[in-house]
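Please open the structure in your viewer and keep the selection panel at hand. The stops below say what to select and what is to be found there.

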Amino acid sequence: ERAGDDLPATLDGQPFKQAVMAPTRIYVKNVLAALEKGTIKALAHITGGGLLENIPRVLPDGLAAHLTKGSWPQSELFAWLQKTAGIDDIEMN
């Protein structure tokens with residue numbers, strides 16, 4: 001509704017409709033392989049609360065994580081959603 005007819009032709013190299021309807025990527029196989037190697041020390045399922053509320057839940061008392069905006073790429077889809085919906089940076093985390 002907010003975008004009206006101003007929809008991009010493509011996002012992340014895919015036709016717009018395909019990009020917005022793509023299923024969530026499932027990481028179970030990757031996580032299980034890492035667990036078998038013993039390289040994972042903690043896990044957090046990032047849903048409500050995003051990174052800012054969930055990462056501290058897996059850290060021992062007295063430790064903190066410092067996240068740097070822009071240190072990993074934002075997909076065109078999420079950049080478009082943020083701009084179109086007027087979502088602030090904190091809410092996008």
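Predicted model: local features only at pLDDT ≥ 70, side-chain atom pairs only at ≥ 80, totals over all residues.

Residues are numbered from 1 along each chain as its sequence is written, and side-chain values use heavy atoms, with hydrogens and water left out.

Select Phe16 and Trp80 to begin: their ring centres are 5.2 Å apart and their planes stand at 80°, so the pair is edge-to-face (ring centres within 6.5 Å, the six-membered ring being used for Trp, and planes over 60 degrees apart). Phe16 lies in helix α1 (residues 16-21) and Trp80 in helix α4 (residues 76-85), so the pair ties together parts 64 residues apart in sequence; helices here are DSSP runs of H or I with at least four residues, and strands are E runs of at least two. Both Phe16 and Trp80 are buried, that is, under 20% relative accessible area with a 1.4 Å probe and protein chains only.

Next, select α4, whose buried residues are Leu77, Trp80 and Gln82. The cover over these residues includes β1, α1 and α5 (89-92), and α4 is followed by Gly86, which has a positive phi near 70°.

Then move to Asp12, in the loop between β1 (10-11) and β2 (14-15). Asp12 is not a glycine, yet has a positive phi of about 55°, whereas most residues other than glycine have a negative phi.

Finally, select Val28, which is placed in helix α2 (residues 28-37).

Notes:
Phe/Tyr/Trp six-rings, centres within 6.5 Å; stacked < 30°, edge-to-face > 60°. Buried < 20%, exposed > 50% of the residue type's maximum accessible area, 1.4 Å probe, protein only. Contact = heavy atoms within 4.5 Å.
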